[in-house]
Amino acid sequence: MTIFEKIIARQIPAEILLETDKLIAFRDVNPQAPVHVLIVPKRVLPRLAEATPADREILGELLLAAGELAKKLDLKSGFRVVINSGPDAGESVPHLHVHLLGKRQLGWPPG
Ligand code: AMP
């Protein structure tokens, strides 16, 4: 079980901001910006590199949830969404998740 499955199952605590039947969003425990939220599908898909056309709906829902949360969290001046897929990207939890970052000036290119 990944750490995110444990959060979904309420086996470990998290500050949950949004939950639907298909996804959950909670604050990152090690925030890289004043707002740092993870948006996670309930059904485990390890990483974007393994997504297939069957995942089209959940992939859309993850991005729509990011936009909805950006509004709810008042990220008017901008925000960034990030998906780390695989070791070169620094993926550390093998359960697809979208990072939503905001409330500070974000550098480009990313590290
Ligand atoms: P990634 O490196 O893209 O796989 O992102 C995994 C993220 O999960 C990191 O930003 C971690 O800080 C975050 N994380 C790990 N454990 C927890 C937890 N128990 N609650 C919230 N966020 C977590």
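α1 gives the most to the shell around the ligand, with three residues. Helices here are DSSP runs of H or I with at least four residues, strands are E runs of at least two, and both are numbered from the N terminus. This is a predicted model: local features need pLDDT of at least 70, side-chain atom pairs count only at pLDDT 80 or more, and totals for chains, interfaces and linings use all residues. Residues are numbered from 1 along each chain as its sequence is written, and side-chain values use heavy atoms, with hydrogens and water left out.

Reader: How far is a polar side-chain atom of D28 from an oxygen atom of the ligand?

Author: A polar contact is a pair of N or O atoms within 3.5 Å; within protein, one must be able to donate a hydrogen and the other to accept it, and residues adjacent in sequence count only if both atoms are side-chain atoms. For N84 the distance to a ligand oxygen is 2.8 Å. For D28 it is 2.5 Å.

Reader: Is R47 buried or exposed?

Author: R47 is found in the loop between β3 (35-41) and α2 (56-72). Buried means under 20% relative accessible area, exposed over 50%, and partly exposed in between, with a 1.4 Å probe and protein chains only. R47 has 19% relative accessibility, so it counts as buried.

Reader: Which side chain does a polar contact of 2.8 Å join to that of R47?

Author: Contact means heavy atoms within 4.5 Å. Leaving aside neighbours within four places in sequence, R47 is in contact with S85, G86, E91, P94 and L96. The 2.8 Å polar contact joins R47 to the side chain of E91.
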